[in-house]
Amino acid sequence: MMEKQLSSIVPSRNIPQLRFSEFDLDYKKVELKKVATFNPKSEELPESFIYIDLESVKNGLLSKEERINKSDAPSRAQRLLRKDDIIYQTVRPYQKNNYFFDKNVNDYVASTGYAQIRTKQVSEYLYQYLHTEKFVNKVLVRCTGTSYPAINSTDLSKISINIPNIPEQQKIAAFLTDVDDKITKLTKKKDLLEQYKKGVMQKIFNQELRFKDDNGNAFPKWRKGRIDEFGYFYYGKSAPKFSLSDDAPTPCVRYGELYSTYDEVIIDIKSYTNIEPSNLKFSKGGEVLVPRVGEDPLDFANCSYLPFPNIAIGEMISVYNTEENGLFITYYFNAKLREKFARVVEGANVSNLYFKYLEDIEVQIPSLDEQYKIVSFLTDITNKIKAVTTKIEKAQSFKKGLLQQMFV
């Protein structure tokens, strides 16, 4: 493996901590503008092209490729790309959402929100360098403005970098590109699994896809009724942020964590509170937690299943107790009732979803046996997504370590 070709070095000169053993020359310190051209003058734009705006790039990949006519293009569409160009987002917080243009075509145009960088050095090496923490920090301190802090291309071009000779650039670039390819493949696999899960959930909850029992017989028709006919709600009780600490005695779940921390199932409790237990509400195990406060009405279907007893449930959470399978109900709420939840949200900037408006929403629920079949099926897909996510995180952590040690 290529990792075995790397050796640890104690840097006493202008050299990296981790380096391929066949190289030993010092790196050269130069300003970016000495090794690259910024925003080279473009040829005439084609009559139609793929426009890359600040939302088009995510994790180094083009997340959307929409063709537009030149006559309909925004005024910011000016940077006609050539193969091996780097586009670097100059507006915070986008500075890590950049793109290396490896297509041998002449109909991609980037927004002026990017600095277009063209170099006679090894483009892939420079692209990797621009993502090092040291370089990004230099960019951030040079950003100006309040609403949308940004760095202009001139200031960007004056930042000093340290570069080795061309053969070493090529070897580093090839090595890191292999790591990126692995991350890209894993990311695409995760995206496909998530799309598959979303599609199959829609079919299940629309009853286009039905399961059979262990003897191959059809399950009964789904039961119709209001949400309050299959369970009941109550509100959690205060577990404010100031009461949290790692050594607090009482495990708790707070409403913000339903958006930021937990998926459909709460596996590990992340927060602990010092609030007196008599002033808290505790789970019995098997509840569905529905956020009561949020900003986007369409985000309230961010419910989580709490399988554990004796967990304090914070305020701003509607707690749904049911004799049905709680995880099935969680899947159902998130996948089927998103728009129905949104229609009963109250408020403007900060919205509230009171459970009294949820209780009379009409639902259809299968038998418990079919619920267990559905949960088992969806949980299997979820576990596959988590396994791929873990691989992505490990690869990204490995890459981050390389960027810290292989560049000066």
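These are my notebook entries on one predicted model, from the whole chain down to single residues.

**Ground rules**

I took this as a predicted model, in which local features need pLDDT of at least 70, side-chain atom pairs count only at pLDDT 80 or more, and totals for chains, interfaces and linings use all residues. Residues are numbered from 1 along each chain as its sequence is written, and side-chain values use heavy atoms, with hydrogens and water left out.

**Entry 1: the whole chain**

I began with secondary structure. The chain has nine helices and 25 strands.

I looked up the box next. Along the principal axes, the C-alpha atoms fill roughly 70 × 55 × 50 Å.

Then I turned to burial. Of the 408 residues, 47% are buried. Buried means under 20% relative accessible area, exposed means over 50%, and partly exposed lies in between (1.4 Å probe, protein chains only).

The accessible surface comes to about 21700 Å². Carbon and sulfur atoms hold 48% of that surface. The areas come from the Shrake-Rupley method with a 1.4 Å probe, and for residues only the protein chains shown count as cover.

I checked contacts, meaning heavy atoms within 4.5 Å. Among contacts with a separation of 6 or more, 75% are between residues 24 or more positions apart.

I noted 59 positive and 54 negative side chains. Lys and Arg count as positive, Asp and Glu as negative, while His and the chain ends are not counted. The centres of the two sets lie 5 Å apart. Each charge is placed at NZ of Lys, CZ of Arg, CG of Asp or CD of Glu.

**Entry 2: the sheet around S13**

Which strands sit in this sheet, and in what order? I read an open sheet of four strands, S4-S13-S10-S11, with antiparallel pairing. S4 and S11 (99-100) are the edge strands, and each pairs on one side only. Two strands pair if DSSP finds at least two bridges between them. As a reminder to myself, strands of a sheet pair through backbone hydrogen bonds, either parallel or antiparallel.

I then looked at S13 itself, residues 114-119. Six of its six residues are buried. Tyr114, Gln116 and Arg118 point one way from S13. Ala115, Ile117 and Thr119 point the other way.

On one pairing, S4 (residues 36-38) meets S13 over three antiparallel bridges. Thr37 stands opposite Arg118, and Phe38 has Ile117 as its bridge partner. On another, S10 (residues 86-89) joins S13 through four antiparallel bridges. There, Tyr88 is bridged to Ala115.

**Entry 3: the mixed sheet**

I looked up a further open sheet of four strands, in the order S8-S5-S12-S9. Its pairing is mixed. Why is one side of S8 and of S9 left without a neighbour in the sheet? S8 (67-69) and S9 (77-80) stand at the edges with a single partner strand each, so one side of each has no neighbour there. On average, neighbouring strands are turned by 50 degrees against each other, direction ignored. For such angles, axes are lines fitted to C-alpha atoms (for helices, over the stretch in contact), and angles run from 0 to 180 degrees between N-to-C directions.

S5 (residues 48-52) and S8 run antiparallel and share three bridges. Ile50 is bridged to Arg67 in S8.

Arg292 sits in the loop between S19 (287-291) and S20 (293-294). Is Arg292 buried or exposed? Arg292 counts as buried because its relative accessibility is 15%. Leaving out residues up to four places away in sequence, Arg292 touches several residues, including Tyr235, Phe300, Met316 and Asn352.

With the same exclusion, Asn352 touches Arg292, Val293, Phe300, Val344, Val345 and Glu346.

I also took two C-alpha distances. Arg292 and Val408 are 116 residues apart in sequence and 49 Å apart in space. For Asn352 and Lys29 the figures are 323 residues and 55 Å.

**Entry 4: positive phi angles**

Asn310 has a positive phi of about 65 degrees. Asn310 is in the loop between S21 (304-306) and S22 (312-313). At 55% relative accessibility, Asn310 is exposed.

Met316 has a positive phi of about 70 degrees. Its loop runs between S22 and S23 (317-322). Met316 is partly exposed, at 25%. Met316 is also one of the residues that Arg292 touches.

Key. Helices (H or I, at least four residues) and strands (E, at least two) are DSSP runs, numbered from the N terminus.
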